[in-house]
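Trainee: Could you take me through one part of this structure slowly, and then show me how other parts look beside it? I would like to learn how to read a model like this one.

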Amino acid sequence: MTMSAGWYLRRLSRMGPQEVAGRAADAVRRRRWRSARPECPSVTGARFTAVLPTGATAAVPPDAAKRLIAEADRLMAGHIEYFGVVRDDLVDPDWWYDPKTGRRAPWGYAFDVPYRNEDAVGDIKQIWEPSRHQYLTVLAAAYAITGDERYAERVAGHLRSWWAANPPLRGVHWVSGIELGIRLLSWVWIRRLLDGWQGAAGLFEDNPMALNQIWHHQRWLAAFPSRGSSANNHVIAEAAGQFAASCAFDWFPTSASWRTGALRSLERHLRSNTFLSGLNRELATEYHGLVLELGLAALAEADAANVPVPATVRLVLLRMTDALAAVVDSRLRPPRQGDADDGHGLIVDGAGTDRWASLLATGEAVFGRLDWWPAVTGSDVRSPLLAALIKPSAWSVRRPAVRPAHFADAGLTVLRGEGPAGEVWCRCDAGPHGFLSIAAHAHADALSVEVRHDGVDVLADPGTYCYHGQPEWRRYFRSTLGHNTLQIDDADQSVSGGPFLWIRHARSRVLEAGANRWSAEHDGYRPSVHRRSVELGANSRELTVVDEVRGPRRDVRLAFHLGPAIAADLVGNRAVLTWIRDGEGRSAVLELPGELSWRAHRGESAPPLGWYSAGFGRKEATTALVGTGFAEDRGEFTTVLRFRDEGGGDT
């Protein structure tokens with residue numbers, strides 16, 4: 001995908017004067033850096049002291065260690081999967097190759113590489129992901145647990161290969177700050193986890209090539225921070241990586257100033273990216289997880305280096321952790337809201353480790369659990385390692401006494417109760433349309449609902465699937481029709497100006513948020529107003545959704561997207577839903593508004609409709625029930641979802 005002149009004008013229109021001036025200065029600096037590439041200052045007597053405390057690896061639970069070693073052995077054999085693409089080339093990787101398209105990114109000055117153009121570069125996510133070096137942190141963790149030097153030697157070989165193939169400012173890996181920041185964080189942990197290996201110092205602090213790379217990464221991040229309308233999770237990754245490196249690799253004359261600047265940026269942007277309730281302002285759940293992981297990793301580096309951090313850093317991370325504990329369902333799954341690209345801040349665990357349980361386990365170890373927190377099941381490697389570095393805090397802060405259900409600043413409400421054979425969980429959305437003026441990771445999903453039964457997606461948020469290279473799929477997964485809400489006149493509620501750009505944002509407001517009832521409206525279809533109410537019955541067996549359109553007569557489409565486990569038999573306006581959970585049959589009946597004409601769509605591609613993306617780069621056909629018709633002023637459409645006893649009878 002190449003960006004048109006129109007896109008640049010639309011993008012410029014979402015910037016303020018300060019951002020425009022900053023980006024102009026960045027452009028001048030890029031031109032100057034083309035020919036002026038200073039050498040890394042001479043470093044002598046460097047030592048790595050940010051090691052794990054004695055006994056930290058012994059605290060790793062045996063089952064977590066077993067998963068880690070199994071994953072490390074797969075990596076040693078060259079096998080890995082990135083975004084639905086299975087690879088077997090990791091024994092000797094080509095750092096610029098995209099196996100999905102078969103293309104190889106061009107060589108040249110980094111800022112000349114057209115990384116958004118899949119025809120010229122390939123799928124940039126496939127190229128960038130291995131170079132975050134998070135698979136190397138897994139191998140390094142396997143060495144730390146087992147002492148097997150095969151893992152350490154493979155890590156060393158790959159780092160030397162990468163450093164040689166990617167000199168500063170040359171090629172696609174020097175284009176994006178988030179990539180540099182996460183890579184630095186990986187290098188810090190690789191050095192820490194390899195500390196017992198005799199070759200660790202020779203790989204890092206005694207290696208001129210490593211020193212040159214570490215210095216140039218930090219110089220880049222200090223010069224080109226994400227700014228203004230782009231100061232979302234990217235700037236936090238940049239600041240966290242810069243801070244971690246300047247704490248752990250404090251070997252350069254500028255390390256102290258880099259550390260101060262990075263900590264100032266991290267503290268500022270953790271606050272600005274997080275609602276006071278603790279939810280991430282992008283309203284994209286996976287980025288809540290990414291920012292929390294990055295923040296906890298940065299806090300660990302601060303404590304390991306005895307660098308004091310503002311109390312607000314710990315406070316934001318605590319609030320984020322409590323908010324996560326509040327919104328997850330009975331299986332510890334959070335909402336599937338907004339964009340998701342499978343991005344992680346720090347990976348030291350094997351496949352099968354639950355990300356959200358891991359984050360809650362870390363939060364429990366660092367901050368302490370509250371009585372209302374859900375029980376955290378499973379085990380992981382990362383939590384005991386982070387907890388070994390993060391020092392207990394002596395400060396106290398008021399935390400929620402009961403489990404929050406309504407997050408007023410984020411416009412998110414969770415209705416939940418015990419229904420037949422498990423929890424009924426319903427997420428209702430009436431929050432802001434994303435974060436900052438471009439709302440890069442928002443979807444046009446105002447007033448959408450997401451319903452689960454015992455952790456199974458019944459009415460599902462379809463997910464994200466892709467960013468670059470497939471514009472029709474990017475549009476679908478962000479669209480109003482792609483979510484469980486009402487579409488008017490075949491248009492999205494908010495107006496898109498590009499794959500990460502919204503130029504008009506629907507405004508939502510909550511009218512009522514109680515224990516079992518929620519009501520809200522949005523103005524995305526001015527002059528009409530879409531109003532929706534949701535009520536969970538007292539016995540949690542029945543969920544009623546009422547949609548009302550206030551304004552002139554309009555064409556409408558009402559969509560309900562079923563999860564991939566759900567089979568549907570639609571007759572008229574009644575759908576019988578069935579699925580299997582833990583070997584047992586479950587069922588529900590969806591009574592749809594009779595005023596609309598209903599059809600089931602599944603796996604359609606022209607245009608896309610009836611799809612679910614469990615993770616970035618992956619999609620599968622699922623059923624979407626879509627009703628079409630007209631809405632008169634104050635006309636109502638009532639939908640009732642009834643969960644049935646295991647025997648199949650309505651209740």
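Mentor: Let's begin with helix 6, which is mostly covered, with 10 of its 13 residues buried. This is a predicted model, so keep that in mind as we go. The buried residues of helix 6 are Gln134, Tyr135, Leu136, Thr137, Val138, Leu139, Ala140, Ala141, Ala142 and Tyr143. What lies over them? The cover includes helix 3 (62-76), strand 1 (80-82), helix 7 (149-165) and helix 8 (177-193).

Now look at the length of helix 6, which runs over residues 134-146. Its 13 residues should span 18 Å at 1.5 Å a residue, and the end C-alpha atoms are 19 Å apart, which agrees. Just after helix 6 comes Gly147, with a positive phi of about 75 degrees.

Among the buried ones are Trp356, Leu359, Leu360, Val366 and Phe367. Helix 13, helix 14 (311-327) and helix 16 (382-389) are included in what covers them. At the start of helix 15, a side-chain oxygen of Asp354 comes to within 3.1 Å of the backbone nitrogen of Trp356. Just after helix 15, Gly368 has a positive phi of about 90 degrees.

In soluble globular proteins, nonpolar side chains tend to be buried together. The largest nonpolar core here has 143 residues, and Trp187, Leu194 and Phe249 touch the most other members. Helix 13 supplies the largest share of this core, 11 residues. Leaving aside neighbours within four places in sequence, Phe249 is in contact with residues including Phe48, Trp187, Val188, Phe204 and Ile214. A second, separate core of 39 residues includes Cys428, Tyr525, Val556 and Leu641.

Loops can be covered too. Asn273 sits in the loop between helix 12 (255-272) and helix 13 (285-304). Is Asn273 buried or exposed? Asn273 is buried, because its relative accessible area is 0%, and buried means under 20%. Beyond residues up to four places away in sequence, Asn273 touches Ala231, Asn232, Asn233, Ile236, Leu279, Asn280, Arg281, Glu282 and Phe435.

Eight strands form an open sheet in the order 13-14-15-16-27-20-19-18, with antiparallel pairing. Strand 13 (508-513) and strand 18 (567-571) stand at the edges with a single partner strand each, so one side of each has no neighbour in the sheet. From one strand to the next, the twist averages 15 degrees. Within this sheet, strand 15 (residues 529-536) and strand 16 (residues 542-550) run antiparallel, joined by eight bridges. Ser533 stands opposite Val546 in strand 16.

Three bridges join strand 24 to strand 25 (residues 618-621), and the two run antiparallel. Strand 24 and strand 25 form a hairpin with two residues between them, and Gly617 in the turn has a positive phi of about 80 degrees.

Terms used:
Residues are numbered from 1 along each chain as its sequence is written. This is a predicted model: local features need pLDDT of at least 70, side-chain atom pairs count only at pLDDT 80 or more; totals for chains, interfaces and linings use all residues. Side-chain values use heavy atoms; hydrogens and water are left out. Helices (H or I, at least four residues) and strands (E, at least two) are DSSP runs, numbered from the N terminus. Buried means under 20% relative accessible area, exposed over 50%, partly exposed in between (1.4 Å probe, protein chains only). Contact means heavy atoms within 4.5 Å. A polar contact is a pair of N or O atoms within 3.5 Å; within protein, one must be able to donate a hydrogen and the other to accept it, and residues adjacent in sequence count only if both atoms are side-chain atoms. Two strands pair if DSSP finds at least two bridges between them. Axes are lines fitted to C-alpha atoms, for helices over the stretch in contact, and angles run from 0 to 180 degrees between N-to-C directions. A nonpolar core is a set of buried Ala, Val, Leu, Ile, Met, Phe, Trp, Tyr and Cys residues joined through side-chain atoms within 4.5 Å. The expected span of a helix is 1.5 Å times one less than its number of residues.
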